[in-house]
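Student: Could you take me through one part of this model in detail? I would like to look closely at the salt bridges.

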Amino acid sequence: MTYTGEEERVPGAGSSVAAPGPGREGNGDGRGIEYPSQRGREAWERLANWVAGRFTPLGQPEHLVTFVVVLASVVFVFWQFDPSKLFSGTTISGGDTGAHVLLPWVVAHQVLPNLRLTGWTSSNWDGFPAVTFYFPLPVYSAVLLSQVISYDVAFKLITAAPMIFMPLSAWAMGRFARAPFPVPAVLAAATLPFMFGTEFSIYGGNIPSTLAGEFAFAWSLNFAFIFLGLMIGGLQSGRYRAWAAVAFCCAFMSHIDPTLFAGGGAVVIFVLYVLRTYDWRGALRWVFPVFAVGGLLAGWWAWPFHERFPYLTNMGYQKITTYITTLFPTGDTWLFILAGVGAALSLSRRLRIGEFFFIVAALSAFAFRFMPQSILWNARVLPFWFLSLYLLGALAVAQLYMLVAERFTRFAVTLRAAALPGPLVVLVAALIWVGFPLHILPGEHTGTSGAYTWLGVTDKTNSYIPDWVSWNYSGYQAGCGTTGVEVPSAKAHCGPAFPNTSKTRWPEYTQVVAELEKLSKAYGCGNVMWEYQSQMNNYGTPDALTILPYWTNGCIGSMEGLYYEASATTPFHFIDQSELSLQPSDPMNFPPGVTDPYSSAPNVALGVQHLQMLGVKYYMALNAQLQAQAAADPSLKLVSTLGPYYINYSGNTGVGVPTGNAVKQYWKIYLVEGSPRVHPLANQPVVMKGMNNVAQPKWLKPTVTWYLDPSDWDVYLAATGPKSWARVPYNDLALPVKPEPPTTVSNIDEHNASISFDVSKVGVPVVVTISYFPNWQVSGAKGIYRVSPNLMVVVPTSHHVRMWYGQTPVNYEGWILTLIALAGLVFLIRRPQAQLASVRRPGLGEKAPGRGGRASGPGLLEAALQKRLGRSLAPEEPSPTHGAHAAPTGVPATGVPATGVPATGVPATGVPATGVPATGVPATGVPAIGGTSPATSGPGSQETDGQESDGQESDGQAPDGQGPDGQGPDGQGPDGQGPDGQGPDGQGLGGQG
């Protein structure tokens with residue numbers, strides 16, 4: 001059994017000499033003999049006690065209410081993701097999400113088998129570096145989970161998880177920040193209207209954006225919540241540095257934009273802390289190691305990302321300039337009203353969390369308005385603007401409730417009880433806000449006008465989120481009305497009769513995949529260029545053909561991929577798409593100085609020449625106009641015709657049978673002849689000065705001009721090369737021609753991340769039509785040299801040449817940084833507490849005690865409300881006749897009996913011998929969400945932060961955190977400061993003034 005140490009020291013009652021008992025026998029020296037059955041029973045008791053200890057806080061009403069609110073929020077979101085579809089065996093579809101399915105598969109099948117965390121894949125863009133320019137944590141989470149359950153289900157759960165757990169992350173932020181009850185629960189409930197909001201559908205953070213493909217953003221936002229909460233709490237206690245570093249690293253490796261939000265929020269927290277304490281040295285002792293360790297932990301990935309940045313494509317997304325209408329959409333009037341009230345009450349009542357999000361909201365709006373046009377798109381700031389507004393709105397509801405409770409409640413004990421429904425009120429308000437457009441509220445019905453009515457409120461708002469959830473998680477295979485259909489297979493189509501579903505082109509899709517796999521057996525593996533149509537959404541997403549490698553085990557690659565920024569070949573692919581499609585997407589905005597390269601009309605002849613230059617093996621056309629041009633091109637050999645298929649272009653939907661609006665079409669697949677992966681150059685390349693390792697705009701200006709003019713193609717532009725190659729000034733396309741002797745290339749053997757070949761003559765440069773990247777290495781040749789448009793040239797020094805994607809010093813440097821960070825993390829774990837100032841100075845707008853002022857008090861707005869209501873918002877101090885004991889001025893209420901008896905011997909729950917709960921009740925007797933804290937100055941208030949040499953144990957600094965104020969591993973009480981978290985330690989950003 002387990003002893004507490006308080007039992008009488010007699011045999012059998014916790015002494016060092018155990019008397020024989022059940023399961024024991026004496027051995028003659030007074031010690032019991034412990035049998036295995038006894039050890040197992042004691043182990044079970046210890047486990048049971050540990051589990052019971054985890055649920056002990058639920059015995060306190062505040063914790064029970066918080067638990068209910070957080071659990072209800074998580075369950076509500078989970079249920080809206082339709083578990084029946086979430087756990088079905090279909091392959092996720094919809095928007096970018098349906099294309100994201102490829103990268104974890106690439107990692108599992110092409111990268112990890114080579115014992116690497118980043119590597120090369122030939123699946124898209126003529127090859128690109130996998131997980132180098134995309135965020136690794138969500139990808140590897142999917143790979144890891146797929147080792148336990150099926151890959152399809154694992155990937156679905158990874159996309160939904162950040163939304164399901166966002167209420168929990170928001171609660172954790174408030175909890176780590178030591179925010180008083182009911183703030184953590186309110187933050188959790190406040191995430192619901194934000195997640196289900198439809199102010200935007202792609203920028204990140206909410207459910208529409210996550211369904212559209214921004215689940216990595218949502219992952220990062222969850223970690224940002226946790227990091228900010230740890231920082232707020234850490235600057236109160238000096239602790240949490242190791243955990244904060246890990247949380248920051250996880251946010252960084254999930255997405256860059258929420259990481260910038262976390263960094264900006266950290267600056268706000270740092271400044272507020274310094275302004276309130278003047279302890280900038282202590283703040284730096286906490287902050288600097290966290291950012292250094294957290295950032296460098298990601299060094300294995302982040303350093304190569306930084307160093308290889310010139311090879312990343314900037315899509316040139318244009319800055320949003322409709323500032324007012326974007327920041328203040330007309331349908332969110334109540335949101336802005338509530339957010340304004342929440343900001344005002346937070347400032348007036350000195351609610352630190354509210355002040356923080358008010359500042360973040362202001363900074364987000366400022367950044368959205370004044371960010372310059374750059375690779376950082378100003379639209380990415382909008383999620384943080386709306387998130388702050390929704391959190392402030394929820395805090396407004398909670399504080400307004402507390403104002404009413406304070407108005408009609410006289411004593412602290414009854415006010416504490418009256419405060420309990422506060423987070424439940426916020427939760428109900430959030431569910432109504434979310435449920436009305438979802439049409440899930442009890443009694444909600446559709447009126448004769450088509451509007452929705454609930455309790456007399458009528459509106460035509462109809463959320464599209466349930467349809468998007470159903471579309472994504474029913475999967476590609478929903479076109480058959482089945483689950484788990486094997487693809488590719490000639491039997492995977494549904495036949496002539498289509499079910500009532502909008503994914504009507506699924507049978508067509510499976511036939512295309514099966515036919516390409518069949519052709520690969522006759523003509524070999526390779527990349528395919530396909531005609532783009534937005535109507536391909538009826539496959540499951542317009543990006544459905546980008547995941548051809550997923551269906552064909554990597555044999556058939558797609559020239560287009562989802563990760564536009566991951567390859568410097570991307571701009572040239574979209575030029576080709578404009579030449580080979582009737583409805584090209586033209587998504588890229590080329591930088592200034594580059595003439596618009598998009599073709600105004602299809603030009604199959606020029607497009608095919610570009611395909612030959614890039615080594616593309618297959619071309620697929622659907623429209624008759626393109627097929628007519630293809631039939632006239634001698635470089636295209638028709639190898640397959642599929643169809644007929646009926647496509648409704650006017651309605652942007654596919655149909656399964658002929659209708660009046662449907663167009664009968666056939667897929668025609670062509671073999672691109674004269675498109676070898678390796679071929680010799682007729683003329684020597686010319687080095688253009690100033691092109692080596694340059695950012696994209698400088699590379700694109702001459703190379704796009706070169707790419708569009710076939711008369712220039714006899715000489716390739718090179719970024720570097722041997723000294724024997726001619727040099728020309730930057731942007732000078734008058735290239736000298738120096739012929740090379742003829743040679744032949746044979747025995748080409750290409751794999752995913754390697755290629756080998758033989759040449760008949762050494763010293764003659766040959767071009768390899770794979771996207772250039774500095775990690776490519778070669779044996780049997782000089783090089784590798786980057787040439788236009790983004791290919792590789794080597795000069796063989798042997799008749800056999802082998803190239804492979806390898807490691808570079810940049811990769812090793814990144815791992816060294818990570819190892820240094822791991823050492824730093826060990827240091828932070830062994831030295832868990834930073835030294836903060838032991839003397840806390842008055843906060844902003846507060847007068848120092850002893851100088852004619854007080855440490856805290858009502859703000860302007862609160863004072864006005866007091867005058868308006870005719871009494872103090874804070875209830876009167878209970879008198880002894882009512883059985884309440886107020887903490888003496890300057891003496892921390894936490895764990896100290898009202899009689900002033902030292903805390904030694906008082907139970908750690910903070911309940912004095914009189915039985916009156918002192919823990920968490922501030923000196924004023926107000927546990928309100930926005931009320932002021934107890935005494936913030938004087939000897940007693942300084943020691944409760946654990947900063948004084950004689951006050952180290954009072955904050956749980958004693959061994960095992962058993963000091964009067966704390967029981968958990970952090971030495972904190974169940975809510976950090978007792979039931980309400982109102983003790984003098986809650987003076988930082990998360991607590992009260």
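Tutor: Start with arginine 677, which is buried because its relative accessibility is 11%, under the 20% cut-off. This is a predicted model. Arginine 677 lies in the loop between strand 13 (662-672) and strand 14 (678-680). Its salt-bridge partner is glutamate 750, with the closest N and O atoms 3.3 Å apart. Glutamate 750 sits in strand 18 (residues 745-751), so the pair links distant parts of the chain, 73 residues apart. Glutamate 750 is partly exposed, at a relative accessible area of 34%. The pair also belongs to a network: salt bridges with shared partners join Asp126, Arg677 and Glu750.

Now the wider set. The whole structure holds 10 salt bridges. One of them joins the side chains of arginine 380 and aspartate 257, at 3.4 Å from N to O. Arginine 380 is in the loop between helix 18 (352-370) and helix 19 (382-408). Aspartate 257 is in helix 13 (residues 256-277), and 123 residues separate the two. Arginine 380 is buried, at 17% relative accessible area. Aspartate 257 also counts as buried, at 10%.

Next comes glutamate 406 with arginine 349. Their closest N and O atoms are 2.9 Å apart. Glutamate 406 belongs to helix 19, while arginine 349 is in the loop between helix 17 (333-348) and helix 18. They lie 57 residues apart, and the bridge again links distant parts of the chain. Glutamate 406 is buried, with a relative accessible area of 2%. Arginine 349 is buried too, at 1%.

Methods:
Residues are numbered from 1 along each chain as its sequence is written. This is a predicted model: local features need pLDDT of at least 70, side-chain atom pairs count only at pLDDT 80 or more; totals for chains, interfaces and linings use all residues. Side-chain values use heavy atoms; hydrogens and water are left out. A salt bridge is a side-chain nitrogen of Lys or Arg within 4 Å of a carboxyl oxygen of Asp or Glu. Helices (H or I, at least four residues) and strands (E, at least two) are DSSP runs, numbered from the N terminus. Buried means under 20% relative accessible area, exposed over 50%, partly exposed in between (1.4 Å probe, protein chains only).
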